[in-house]
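Here are some exercises to work through with the model open beside you. Try each task on your own, then read the solution step by step.

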Amino acid sequence: MAFIHQIIRQAVNPFDSTTFRPGNFWQEDQDPALTVDSIHQEVVTEIEELLDKVAQDQRTRTILLAGDSGSGKSYLLGRLKKLLNSKAFFAYIGPWPDSDFIWRHTLRNTVDSLMYVPQGRHQSQLLLWLKSLSAFRDEGLRKQLLGERNLFIHNLKVTFPSGIYNANEFFGVLYELTNPEMYPLACEWLKGDDLDEETLKALKVKRAIETEEVALKILGNFGKISASTQPIVLCFDNLDNIDRALDGFINLQALFNVNSIIHNQKLKNFLVIVSIVTNTWKQNSKRIQQADQARIDLPIRLQPITLDQAETLWASRLYSLHRQANYLPASSIYPLNRQHLEDKFPGGKTRPRYVLMLGRQLFQEAKTERFEGITEFDSDVNSTPIDPLAAFQLVWLKEFNKTQEKVSRIRQFSAPELIQMLREALNALQVHGIQTKLLPSPTYASYSLSYHLPVQLGRIGVVWTEEPNLISFCNLMKACQKALKQNLCQTVHLIRAEGVGTSNNQGYKLYNQIFTGYRNRHIIPDMTSVHYLATYHSLVNAACAGELVVGDHTPSLSDLEALIRKSKILRDCPLLQSLGVFSGSTYTPGSAGTSSINQQKPVVRKELAQPFHDVKEFLLNLVKTQQMMGCQILIQNALDQFPLVENTQIEQLIEELCQENQIFILDPNAEPAAQLVCLINK
């Protein structure tokens, strides 16, 4: 074991900003060791009491959870899910791209969340919910007479004789959830995917959930049935990046319309939580009708935390380092001290994020103090401001890895969501003349956008849809044809990985007319492109809400866009390359036909041709943000990030960085476990 000051010098800063933002609480497990129970405990108690009331009388309630940026709203939602998941099913509803699709978006996000497996369980919330119903009781003889599926539907109809929309089909789809082979298809139908005829036939349903009205009724079905099991908690979060109304302000009224309809139509057994930044609520609440505001049962304002709680928050982050020392420090927050908090926050109150940011700064200073043994290198290892670009690239890499883990299919996103993510990336790259809703069709307008490129004459349209239903595809092709005839754009690109039918389909014939020949192209996207767009979208949501922390800063959306341009990260997105938005793209205006991103030779930054470039960049960025750290810890972090790379290869890359005068090993003759890597400040 080592002395605590040696451990501090070697460690990655436990207050590093990549750990600040919890994001989608369903898709990320919180570390219980970092939870301070006393923080917002009174809020947890209030919400639990209201949830208990919903469970008792099945009457839906609504909570408005307001708090300043950095007050811990998203973390609190994750904590509630962890604490109360035995009492309720939780659904995370992210920002919606188009208010015309808000019910379908809410249903889609609800089913997506119900598909997640709660911690400590072996089945999804959806199956746990379903298997708690009385329809699963075995009735021997009746099962033989009616058949298992028919008996299941019969039992549910007896249990719920009224109030269920399209009961036969809905209960039939619920039954298919019990079949592992049919489960994914049943989930897709419940989410509102526009499925093809073959899949609909297999599920024994006539049509997909195509309208807002039907989505509302299906959501109502969930509430009605959950009245006999557990409440469903609908958490609306990241509201600063939702669709905007005609006046340019975010369309919160659309959300409160949804909430009022849930109440007015007596959809049972929901607890609606609207999580919002206090300042956003102040700016927009006057635009929400008073009758809709009256539907808020419990307004909650997150209060600042005390310095005692701040000290406990520091201690939770430092505990794992203290445990490694040969003896425990006298203070649970060493090398920090209480006086730091009192000096920084003389009012005795603050927000959790500010506590963590101060902790990062002070810990960094402690790392680079002139401990015994540093002499000739003193000027090199003094603490300097964190490199924002290096910090951002580390934040990006962590977010990208999370996206890769949770996004496995393009169709996890709806067409409006895919177009929104593409638009955000184009905005960041300062593409000119971006306009949404290119297609002259109320149904498909949100599937499209258009823009200008300096290297190509005329307006370029983009349409992205992955819906497998070929009747819908035919209608989409008609809308594309109409847009071209009306001269709304001069070129149109169809982005689609799903099939386009065969020569027998009318949609395929239209597709051939439009995308075989001059200018127009069909681009087949890959998962890598979706991972890039979804990662950036997640960071945009955080920046808009003031929840993104990069190094020592909380960047705004414009700051984030500047960082994404400076880092050139999006240049590695194959879809953006294929659309020709970068100078020197492989796409030549006037080329035609179908192109698969997987088959292209994408234009990438020259450096990427160098072996292990990504690993080497990660090593340098980590040292830039830490200034000093243990060589073995640096190697282990790289192995965790790039598991296919070998230890010796990482050691070689560290040696290259030393030869390039980027870093140096402070004590090269020491035992490997005691060696320190330091940044050379230039």
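**Exercise 1.** With which residue does Glu213 form a salt bridge?

Before you start: this is a predicted model, where local features need pLDDT of at least 70, side-chain atom pairs count only at pLDDT 80 or more, and totals for chains, interfaces and linings use all residues. Residues are numbered from 1 along each chain as its sequence is written, and side-chain values use heavy atoms, with hydrogens and water left out.

*Solution.* 
- Step 1: A salt bridge is a side-chain nitrogen of Lys or Arg within 4 Å of a carboxyl oxygen of Asp or Glu.
- Step 2: look for the partner. Glu213 pairs with Lys217, and their closest N and O atoms are 3.2 Å apart.
- Step 3: Glu213 and Lys217 sit four residues apart in helix H11, so about one helical turn separates them. (Helices, H or I with at least four residues, and strands, E with at least two, are DSSP runs numbered from the N terminus.)
- Step 4: check the surface. Lys217 has a relative accessible area of 33%, so it is partly exposed; buried means under 20%, exposed over 50%, and partly exposed in between, with a 1.4 Å probe and protein chains only.

**Exercise 2.** Find the salt bridge between Glu212 and Arg104, and work out which helices it ties together.

*Solution.* 
- Step 1: the two side chains meet at 2.9 Å, N to O.
- Step 2: Glu212 belongs to helix H11 and Arg104 to helix H4 (residues 102-114), so the bridge ties together parts that are 108 residues apart in sequence.
- Step 3: Glu212 is buried, at 18% relative accessible area, while Arg104 is partly exposed at 22%.

**Exercise 3.** Which residues are linked with Glu188 in a network of salt bridges?

*Solution.* 
- Step 1: start from one pair. Glu188 bridges to Arg409, with the closest N and O atoms 3.0 Å apart.
- Step 2: Glu188 is in helix H9 (residues 183-191) and Arg409 in the loop between helix H19 (388-406) and helix H20 (415-428), so parts 221 residues apart in sequence get tied together.
- Step 3: Glu188 is buried at 7% relative accessible area, whereas Arg409, at 35%, counts as partly exposed.
- Step 4: now widen the view. The network links Arg108, Glu188, Asp193, Arg409, Arg411 and Glu498.

**Exercise 4.** How many residues does the largest nonpolar core have?

*Solution.* 
- Step 1: know what you're counting. Such a core is a set of buried Ala, Val, Leu, Ile, Met, Phe, Trp, Tyr and Cys residues joined through side-chain atoms within 4.5 Å.
- Step 2: the largest one has 67 residues, and Phe170 and Phe222 are among those with the most contacts inside it. Its largest share, seven residues, comes from H11.
- Step 3: zoom in on Phe222. Beyond neighbours within four places in sequence, its contacts (heavy atoms within 4.5 Å) include Leu107, Trp129, Phe170 and Ile232.

**Exercise 5.** What is the strand order of the open five-stranded sheet, and which strands stand at its edges?

*Solution.* 
- Step 1: read across the sheet. The order is E2-E3-E4-E1-E5, with parallel pairing; two strands pair if DSSP finds at least two bridges between them.
- Step 2: E2 (89-93) and E5 (298-301) each have a single partner strand, so one side of each lacks a neighbour in the sheet.
- Step 3: Five bridges join E3 (residues 232-236) to E4 (residues 270-277), and Ile232 has Phe270 as its bridge partner in E4.
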